[in-house]
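Please keep the sequence and the structure in view while reading.

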Amino acid sequence: QVQLAESGGGLVQTGGSLRLSCAASGRTFSSYAMGWFRQAPGKERDFVAAINWSGRSTYYADSVKGRFTISRDNAKNTVYLQMNSLKPEDTAVYFCAASPVVAGTRDGNEYDYWGQGTQVTVSS
């Protein structure tokens, strides 16, 4: 029912900024909470940030709190992840996901739809 497509990844230097976008298909975008996850090679998938259906509530992993900001524009069916003060440990494939838990959730198992991911590489 929902297709997600991430964009905006790339190569940046330590301390730089990058904004990821996730475009969603369908007519029920506002019925889903949205989240960002990331996975480095050989590592497990980690929660990064989530936002509730309306955009009024957000959640962040401790590792990105104060540096990353999640937002959404329901009129554009798009969720964003603004990443500032990037570090080499932020290097990963970043995935956008949609969850029917409309309040937002950190649990990847509660997300039903996933994008294909976009690579973020932070050079040291």
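The side chains of Lys65 and Asp62 meet in a salt bridge, with 3.4 Å from N to O; the term denotes a side-chain nitrogen of Lys or Arg within 4 Å of a carboxyl oxygen of Asp or Glu. Both Lys65 and Asp62 are exposed, that is, over 50% in relative accessible area, where buried means under 20% and partly exposed lies in between (1.4 Å probe, protein chains only).

The model is predicted: local features need pLDDT of at least 70, side-chain atom pairs count only at pLDDT 80 or more, and totals for chains, interfaces and linings use all residues. Residues are numbered from 1 along each chain as its sequence is written, and side-chain values use heavy atoms, with hydrogens and water left out.

Asp90 pairs with Arg67, their closest N and O atoms being 2.8 Å apart. Because Asp90 lies in the loop between strand 8 and strand 9, and Arg67 in the loop between strand 6 (58-60) and strand 7 (68-73), this pair ties together parts that are 23 residues apart in sequence. Strands are DSSP runs (E, at least two residues), numbered from the N terminus.

Asp90 also forms a salt bridge with Arg38, at 2.9 Å from N to O. Arg38 belongs to strand 4 (residues 33-39), so its pairing with Asp90, in the loop between strand 8 (78-83) and strand 9 (92-99), joins parts 52 residues apart in sequence.

Asp90 is buried, at 0% relative accessibility; Arg38 is buried at 10%, and Arg67 is buried at 11%.

Methods: Helix = DSSP H or I, 4+ residues; strand = E, 2+ residues; numbered from the N terminus.
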